[in-house]
Amino acid sequence: MGFVFSRSMGWSRSYHNVGAAYAAEKSLSCERSYSAELEKATRTAVLSNSKRILKPTPFVINDTRTDRVGERVVFEGRNSPRRFHSFSRNTVFPGRALTPSIFNNLRPACFLGFAVYDVEGIRSQVYASGRMLFPGKALSFSRNASLFCRTKTSDAAQMDIPGEITISVEQNPGRISRKGRDAAQDAVLDYLHCTRGLHFTDADHMSKNSPDFIRKLLSVVGVEQEIKHALIRFFRYHPINEFEPFFESIGLRPSEFAPFLPKDLLFLCDDRLLLENYHVLCNYGVPRIKLGRVYLEAREVFRYDYGILQSKIRSYEMLGLNSSTLIKLIVSCPLLLVGDVNTSFAKVLEEFKDMGIEYDWLGGCVSEKSSYDWNNILRLLKHLKEFGCSKKHLGELLRKHCEFLFDASGSKTYTLITLFLKSGLRMNEIMSILFQFPEVAVGNFVKNFWQGIHFLNEIEMKREDIAKIVRSHPQLLGSCCFKKSNVLLSELNVGKKRLCTIILEDPNQLSQWVKGRKVRPLPGTGEEDKARYQKTEFLLRLGFPENSDEMAVAFRRFRGRGDELQERFDCLVKAGMDCQDVVKMIKVSPPVLNQSSDVITRKIDILVNSLNYPLQTIVSFPSLLCYDPDRIKLRVSMYNWLTERGFVRPMLTLSTILACSEERFVKHFVSVHPEGLQVWERLKGNTSSI
């Protein structure tokens, strides 16, 4: 907010003299009248004990008539003195230069506009006065180049067009005290009930449950000590859109009800059907704050003619539902009130009756925060009966675990049955599991069960062993939330193979490895010591000094047991390489031995038999065996194609062809030929056949 003062951009001295002469024409009585009028205007314009400036309106000296353009009040005058004019809350003082003394006498809430003749000499005074008016607030000056005044005098030609100086006072309108909020709510209540004639209960609920609307009002009138009186004055000249607090009071956010605001209505009483159906639902017992969901999902309910909504509610009561259950159903499933009685819902009630389930049980199962698909629920009931479950047993099952039907309208139960079927369980076994279901929500059970299977797969347990555990301990997998596999392996200090063995021997051990429970490392076995000894012996045979830093680094870089590393080493020797060459190779590139023997054999076969490279190529570039076979075949095939056409140098080393990134290879090799990109894409799609 701020004061806006009109000023000239480089006014001439003659213009200042004109203003001074204009002021000198006043007589002493006129001067006294001016002072009295200033005091009166200030007294009427100031909000008592206010601490915030409302949006000001700029005023200027103009031609011989008075006009209003938007929110700007344009005042004119000539050489003859004129009386003061007041438009609404805006007071104009023509022909007076603003002085520091006048500015210092202003109170923060004055709605005053001045024609300022000499701002350059007063700017520092204005800033100092602003600091006095607003201690502790941040003040900022800004120029507005918008032009709204031209002045003609007899002494001077056309004057420069004035601009504006704005002093902004930064405040935080979002901080509202409880006392201020209560005062604003009382003002809104008085307006809605006493002025607009709404029922007291409606007005009271709207005023106390529309915080965004209250905040919006306070941002207009300001955060003051006399908020209630300020709002009462505001309501006299500014009728509010009553639909905004109404929609907010029934639980809708401004972004939700904005599209529903009527364009041609301001008052709730003009939409009688809306109020009528609103009162029907409220009188029946539906909480007002929850009616927003009904409005969002079934707006037709609020457009029913008189008496129709009551008849629809009575039709559901005739099915045997009590009022508390029906209220929950109205909030959770508003579409039940649209059209005739929902056929699927009526059939579900009939199924409950056949199972011996009373309708009062339904009220304890449904939640106002959820929504339900009665077609899906009815379909699940029929499938459970087809699976061999009698009506009596099904009724007992649902009384114990109603979430089978009402958790996501039975969708999670379908998911659970599907998981059991994929795990190899038969329908009689599945029904047995459902009757022995643990005290866990169906959604959590499905999540835990799926994560348990994923956990067993991550520790590389065989598929048939996983199926065995699923069939024997399904309740255990669904009721426990296990730690992540890598975390558990680290805490137990074991490998995957040993962990699988422990689980297969005693699956109940899984219940000890749930999240939030401390796990102690398992005692070591002789196998770890044996594997470490074998690996050390293998590295000693390669020539690494015992108990040296070089041995420690090699121990970390070579992965696998000693017998596995020896098997991979022998694979390279059997391929035709010299033993000493192999030792040099794996010292230069240890990851060569981190691959299985089958992978090493396949890569050597591709290089020697398919691409016709000698074994010496691998010895000179051992990292060649670390690349993917498809990458080797693709790049070598592309290089050979370019070599045949003379676009690249022949006899390049494989390290030059393979070590660079794909982007660099395409740039320096593929793109050198006009058809290179087409051949490259064709080779990528047919790498295995080349």
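Modeller: Let me begin with a term: buried means under 20% relative accessible area, exposed over 50%, and partly exposed in between, with a 1.4 Å probe and protein chains only. This is a predicted model, in which local features need pLDDT of at least 70, side-chain atom pairs count only at pLDDT 80 or more, and totals for chains, interfaces and linings use all residues. Residues are numbered from 1 along each chain as its sequence is written, and side-chain values use heavy atoms, with hydrogens and water left out.

Biologist: How much of the protein chain is buried?
Modeller: Of its 690 residues, 45% count as buried. The protein chain has 36 helices and 9 strands, where helices (H or I, at least four residues) and strands (E, at least two) are DSSP runs numbered from the N terminus.

Biologist: Which residues touch the most other members of the largest nonpolar core?
Modeller: That core holds 120 residues, and the ones touching the most other members are Leu 281, Phe 352, Leu 362, Trp 374, Phe 406, Leu 499 and Ile 503. A nonpolar core here is a set of buried Ala, Val, Leu, Ile, Met, Phe, Trp, Tyr and Cys residues joined through side-chain atoms within 4.5 Å. There is also a second, separate core of 51 residues, which includes Met 551, Leu 634, Trp 641 and Phe 669.

Biologist: What is Leu 499 in contact with, leaving aside its neighbours within four places in sequence?
Modeller: With those neighbours set aside, Leu 499 is in contact (heavy atoms within 4.5 Å) with Phe 455, Ile 459, Leu 488, Leu 489, Leu 492, Val 494 and Trp 513.

Biologist: And Ser 485, is that one buried or exposed?
Modeller: Ser 485 counts as buried because its relative accessibility is 9%. It lies in helix 25, residues 485-492, and, leaving aside neighbours within four places in sequence, Ser 485 is in contact with Phe 455, Glu 458 and Ile 459.

Biologist: Switching topic, where does Pro 521 lie?
Modeller: Pro 521 is in the loop between helix 26 (496-505) and helix 27 (526-542), and with a relative accessible area of 55% it is exposed. Not counting residues up to four places away in sequence, Pro 521 touches Glu 491, Leu 492 and Asn 493. The C-alpha atoms of Pro 521 and Glu 491 are separated by 5.8 Å, although these residues are 30 apart along the chain.

Biologist: Now the helices: how do helix 29 and helix 30 pack?
Modeller: Helix 29 (residues 562-574) and helix 30 (residues 579-588) pack at an angle of about 125°, with their axes 9 Å apart. Axes are lines fitted to C-alpha atoms, for helices over the stretch in contact, and angles run from 0 to 180 degrees between N-to-C directions. The two helices are therefore oblique to each other, since angles under 35 degrees count as roughly parallel, over 145 as roughly antiparallel, 65 to 115 as roughly perpendicular and the rest as oblique.

Biologist: Which residues make that contact?
Modeller: Helix 29 contributes Phe 569, Leu 572 and Val 573, while helix 30 contributes Cys 579, Val 582, Val 583 and Ile 586.

Biologist: And how do helix 11 and helix 13 cross?
Modeller: The axes of helix 11 (residues 272-284) and helix 13 (residues 308-317) come within 10 Å and cross at roughly 30°, which makes helix 11 roughly parallel to helix 13. Glu 276, Asn 277, Val 280, Leu 281 and Tyr 284 in helix 11 meet Leu 309, Gln 310, Ile 313 and Glu 317 in helix 13.
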